[in-house]
Amino acid sequence: MKSINEIQDEIIEQFADFDDWMDKYALLIELGNEQKPLDPKYKTQNNLIEGCQSRVWLHAEIKDNLVIYSAESDAVIVKGIVALLIKVLSGQNPSDILDKDLYFIDAIGLKEHLSPTRSNGLMSMLKQMKLYALVFQTQQKQ
């Protein structure tokens, strides 16, 4: 299993292949389209992320001490952003998710190339993913 930082470094390399942000957006859209659709039973009001302009559903569960995320969005760029976050954080243990700095977001220039509302949405998604990890970590300690 790759560490969160190894995955982040791979993403930075992948995005470094493109100079133009239109190409990077195309890569984001491609990553979003490669993601499995979210099971309709998880497309509930409870799984909608607050603070996103478009609709984003996020589901998390813990299997063998690893947090498994699945998500879907009705906006193509946002779907790609979610796919990146899932690629980095899904399949990791809760304490790693909580402890690691997600430096790839700044390194690939994602935040600066998103509109303020999308940037807020990105932070909301990340906050929710960390919240799930915190809940799972707390449950493990009981």
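Reply: The model is predicted. The largest nonpolar core holds 41 residues, and those that touch the most other members are Tyr69, Leu84, Leu85, Leu89, Leu102, Phe104 and Leu110. Helices and strands both contribute: α1 (4-16), α2 (21-34), β1, β2, α3 (76-89), α5 and α6 (116-141) each supply at least two residues of this core. Helix α3 gives the largest share, ten residues. In soluble globular proteins, nonpolar side chains tend to be buried together.

Leu85 shows some of these contacts in detail. Leaving aside its neighbours within four places in sequence, Leu85 is in contact with Ser90, Leu102, Phe104, Ile105, Leu122, Met125, Leu126 and Met129.

Helix α5 spans residues 104-107 and includes Ala107. Ala107 has a relative accessible area of 47%, so it counts as partly exposed, the class between 20% and 50%. The C-alpha atom of Ala107 is separated by 9.4 Å from that of Ala16, although the two residues are 91 apart along the chain.

Tyr69, listed above for the core, is also one of the residues closest to the centre of the largest pocket, together with Lys36, Pro37, Leu38 and Ser70. That pocket has a volume of about 210 Å³ and is lined by 13 residues. Strands β1 (56-63) and β2 (66-73) each supply at least two residues of the lining, and the largest share, three residues, comes from β2. By type, the lining residues are six nonpolar, four polar and three charged.

Notes: Residues numbered from 1 in each chain as written. Predicted model: local features only at pLDDT ≥ 70, side-chain atom pairs only at ≥ 80, totals over all residues. Heavy atoms only, no water. 1 Å grid on protein atoms, 1.4 Å probe; cavity = no way out; pocket = protein on both sides within 12 Å on 5 of 7 lines; lining within 4 Å. Points joined across faces, edges and corners; volume = space filled by probe spheres on them. Helix = DSSP H or I, 4+ residues; strand = E, 2+ residues; numbered from the N terminus. Nonpolar A, V, L, I, M, F, W, Y, C, P; charged D, E, K, R; others polar. Buried < 20%, exposed > 50% of the residue type's maximum accessible area, 1.4 Å probe, protein only. Core = buried A, V, L, I, M, F, W, Y, C linked by side-chain atoms within 4.5 Å. Contact = heavy atoms within 4.5 Å.
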